[in-house]
Amino acid sequence: INQDLTVSGVYFRQRDNYDEDNFEGDDSLGISAEQQFFNNGRWKSGNPLIADGLTDLNTYNADYFRLQVAHNWYVDSNTTVSTRIYGSDHERNRFSVRDPAPNFHMRGRNRKYTIYGADSRVEFANLPLFGDRTQDVQAGISYEHHSFRNCTSFGKLNEVLDSGNTGNCFAEDGVNGYVDDGALEKFETGAFTAFLQSSMHLTKTFSVTPGVRFVSYDVKRNGVYAGPNPIHVGDVPYPADTEAGELVGKEESSFNHVLPGVALSWRGIYNTYVYGSYHRGVTPSVARGEFFPLPEEVGDNFQVGVRTTAFKGLTLDLAYFFSRIDDYQIKEAFTAPSGANIFGTVDQAEINGFEIYSRLDSQPYIGGRLNFFGEATYTFADSVITESNVPAEVGKYLPEVP
């Protein structure tokens, strides 16, 4: 009568003969790698493992679970409490042959992502503001936990790795039949957030929505060493005296932010809204890589726009936006000697742009039960580095578009 409960879940399973080691062809054949692929599929030339048919052992395996319980309690006509509890588990393992027969061995790139969390929010609609004016107040809290396990495993000589035999993350070269060193790193983060906002209807056509959000989160990185010689996990070298299985390189950082914002909406023209907003936002940095932690991105974001359905069958939305972001994160176009991606930051970046969205529906013109429609969007963003400790970068474009 006054509440509802929804339980939803999903399971996804993937078993794929994915062959990342066989992307490139044989230049001596005089035809492109793409043509070799179309001619021979996975068996295109250039890979010494092909002669022995071992690329058939290269596979990609994934299992994904998600479960969510959502509850809504309609306390009265103006009060709603919504609560959600959820979790997911994603394991994806990729296996590939590292040496030709007869004495091959296999490597696993095994990764496991786990997320769980809960959030609850309450809305009080039509609260008195002043005179006959009202406001809608929303407040909420949430907690979310992420963990990531990144394992480089190996099998023994002639041991086939697959979804049922994922290899040894702690393999040691020359010990117990292994011919390479495994590695393992673990990441964890927990985030708590709370928010409060009020949509104040100052007139029948004009509303102001101020709000504030508090965010507190921490990031932990643990490296687990697995061999007798110094290796790199990410780009972090470990001491030579580290023993197999020893937990090393433990790092932790915590962050706290108060993020204000305000939005405006005016509906003074027939079927047309004029809107604008300012919000302060934060984006955590990538945890993997040589530098831990990178400073998080903190940005001031503005927009102003107009949305209208005043014209028959036509929806238009035009918006200008501007963002000034401190410690803007950039991924380099090259990699470290270990092959890992390199992430860094520039002190500040500014993004100026506009977006136009349009939709045309047929039903207002021709009627009937069917509605054919077309949509088009155009986005322009001028994204420039404005401050950097490398003077030559100032004034240059960002290497990606938001």
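1. Start with the disulfide. In this predicted model, the link of Cys-151 and Cys-169 is left-handed, with -110 degrees about the S-S bond. The two sulfur atoms sit 2.0 Å apart, and the count for the structure comes to one disulfide. The pair links distant parts of the chain: Cys-151 belongs to strand 5 (residues 134–154), while Cys-169 is in the loop between strand 5 and strand 6 (183–201), 18 residues apart.

2. Are those two cysteines buried or exposed? Cys-151 is buried, since its relative accessible area is 0%. Cys-169 has a relative accessible area of 8%, so that residue is buried as well. The cut-off behind both calls is under 20% relative accessible area.

3. The largest nonpolar core has 11 residues in all: Phe-148, Phe-187, Val-215, Tyr-217, Val-219, Phe-255, Leu-259, Val-282, Ala-287, Phe-292 and Val-298. Which strands each supply at least two residues of this core? They are strand 7 (206–224) and strand 10 (247–269). Strand 7 gives the largest share, three residues. As background, nonpolar side chains tend to be buried together in soluble globular proteins.

4. Leaving out residues up to four places away in sequence, Ala-287 touches Phe-187, Val-219, Arg-221 and Phe-292. Of these, Phe-187, Val-219 and Phe-292 are listed as members of the largest core, along with Ala-287. Another core lies apart from this one; it has eight residues, including Ile-325, Ile-330, Ile-351 and Leu-398.

5. Now the outside. Which residues form a nonpolar patch on the surface? Tyr-116, Ile-141, Tyr-143, Phe-192, Leu-196, Val-212, Phe-214 and Val-258 do, and together they have about 720 Å² of accessible area. Strand 5, strand 6 and strand 7 are the elements that give two or more residues to the patch. Strand 7 therefore turns up in both places, since a strand can supply residues to the core and to the patch, with burial under 20% relative accessible area required for a core residue and over 30% for a patch residue.

6. Take Phe-192 as one of the patch residues. Phe-192 is in strand 6, and its relative accessibility is 36%, so it counts as partly exposed.

7. On to charges. How many salt bridges does the structure hold? There are 10 salt bridges. One of them pairs Arg-324 with Glu-350, with the closest N and O atoms 3.0 Å apart. Arg-324 is in strand 13 (residues 314–335) and Glu-350 in strand 14 (residues 341–361), so this pair ties together parts that are 26 residues apart in sequence. Arg-324 has a relative accessible area of 33%, which means partly exposed. The general idea is that side chains of opposite charge can pair when their charged atoms come close.

8. Asp-361 and Arg-359 form a salt bridge, the closest N and O atoms being 3.0 Å apart. Arg-359 also forms a salt bridge with Glu-375, and there the closest N and O atoms are 3.4 Å apart. Through shared partners, Arg-359, Asp-361 and Glu-375 are joined into one network.

9. How accessible are the members of that network? Asp-361 is buried because its relative accessible area is 14%. Arg-359, with 23%, is partly exposed, and Glu-375 counts as partly exposed at 47% relative accessibility.

10. Last, some backbone angles to check. Most residues other than glycine have a negative phi. Asn-126, which is not a glycine, has a positive phi of about 60 degrees. Asn-126 lies in strand 4 (residues 106–128) and is partly exposed, given its 47% relative accessibility. Asn-176 is not a glycine either, and its phi is positive at about 55 degrees. Where is Asn-176 found? It is in the loop between strand 5 and strand 6, and at 61% relative accessibility Asn-176 counts as exposed.

Notes:
Residues numbered from 1 in each chain as written. Predicted model: local features only at pLDDT ≥ 70, side-chain atom pairs only at ≥ 80, totals over all residues. Heavy atoms only, no water. Disulfide = S-S within 2.5 Å. Helix = DSSP H or I, 4+ residues; strand = E, 2+ residues; numbered from the N terminus. Buried < 20%, exposed > 50% of the residue type's maximum accessible area, 1.4 Å probe, protein only. Core = buried A, V, L, I, M, F, W, Y, C linked by side-chain atoms within 4.5 Å. Contact = heavy atoms within 4.5 Å. Patch = residues over 30% accessible without salt bridge, like charges linked within 9 Å, V, L, I, M, F, W, Y side chains within 5 Å. Areas by Shrake-Rupley, 256 points an atom, 1.4 Å probe, with all protein chains shown as cover. Salt bridge = Lys/Arg side-chain N within 4 Å of Asp/Glu carboxyl O.
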